[in-house]
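Okay, everyone, thanks for making time. Let's get the model up on the screen and walk through it together.

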Amino acid sequence: MALCLREVTLVAAIVLSGGAEAYNLKPGLWEMQTKMEAAGELGQAMAAMQKQLAALPEGQRKMMADMMAKQGVGIQGLDAGGVRVRHCLSAQMVAQDRLPFEKGEGCQRQLSKRSETQMQFTLSCSDPQAQGEGEVTFVSPTAYHSRFTLDLMHEGKQERLTGTSQSTWLSAECGDIKAVE
């Protein structure tokens, strides 16, 4: 019943899949706090994964953090409050109106509505099989928040995952976290 790390990465892709230029977001290091809820077996699997990650020895935790950093994600925390990650938004990404993970493997994102301060989108993925919708609201050049609903196949059953996130700009320098161009 273990939740696949790929499913967690897919969630990150959804909430980060907005447009960078819609509110002239600042390039640099961003931190995103995401809270997710799921019922049934998926909710139980998420809780079990949180316990397993919390119990990882320091060496394994560092290996996982290094692996995720190579993919442009700095995991800062995973607990009952949700997932806290850092990502880098380059000046080029802002100029091209992109955020990290916009082009997920096996996923198609479709903008359904867009204004200067908000965008709505749908998402369809083949691996894992999932469909969802969400919206990103740009609060300022240094803050945006989002919400999403994702229906996915988990261990052969249709499950619903919902979530919200708050993203905040931290600094112009990204440090060890590289932008995923």
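Predicted model: local features only at pLDDT ≥ 70, side-chain atom pairs only at ≥ 80, totals over all residues.

Residues are numbered from 1 along each chain as its sequence is written, and side-chain values use heavy atoms, with hydrogens and water left out.

So, the parts list. There are four helices and eight strands in the chain. Here helices (H or I, at least four residues) and strands (E, at least two) are DSSP runs, numbered from the N terminus. Reading from the N terminus, the order is α-β-α-α-β-β-α-β-β-β-β-β.

Back to the strands. Two strands pair if DSSP finds at least two bridges between them. S1 and S3 pair in the antiparallel sense, over seven bridges. S1 also pairs with strand S8, residues 157–171, again antiparallel, over ten bridges. In that pairing, Glu31 stands opposite Thr168, and Glu37 has Thr162 as its bridge partner.

What about S7 and S8? They pair in the antiparallel sense over twelve bridges, and His145 has Gln166 in S8 as its bridge partner. The two strands form a hairpin with two residues between them, and Glu155 in the turn has a positive phi of about 50°.

Now the inside. In soluble globular proteins, nonpolar side chains tend to be buried together. By a nonpolar core I mean a set of buried Ala, Val, Leu, Ile, Met, Phe, Trp, Tyr and Cys residues joined through side-chain atoms within 4.5 Å. Buried is under 20% relative accessible area, exposed is over 50%, and partly exposed is in between (1.4 Å probe, protein chains only).

The largest nonpolar core here has 14 residues, and Met36 and Leu161 have the most contacts inside it. Strand S1 (28–38), helix H2 (40–54), strand S3 (82–89), strand S5 (118–126) and strand S7 (143–154) each supply at least two of its residues. Which one gives the largest share? That's S7, with three residues. There's also a second, separate core of eleven residues, including Val94, Met119, Phe121 and Val136.

Rings of Phe, Tyr and Trp (its six-membered ring) pair if their centres lie within 6.5 Å; planes under 30 degrees apart count as stacked, over 60 as edge-to-face and the rest as tilted. The structure holds two aromatic pairs. Trp30 and Tyr144 have ring centres 5.4 Å apart and planes at 45°, so that pair is tilted. This pair links distant parts of the chain, with Trp30 in strand S1 and Tyr144 in strand S7, 114 residues apart. Are they buried or exposed? Both Trp30 and Tyr144 are buried.

Then Phe138 and Tyr144 have ring centres 6.1 Å apart, with planes at 45°, so this pair is tilted too. Phe138 counts as buried because its relative accessibility is 2%. Put together, ring pairs link Trp30, Phe138 and Tyr144 into a cluster.

Last, the whole chain. Buried residues make up 43% of its 181 residues. A contact means heavy atoms within 4.5 Å. Of the contacts with a separation of 6 or more, 62% are between residues 24 or more positions apart.

Okay, that's me done. Over to you!
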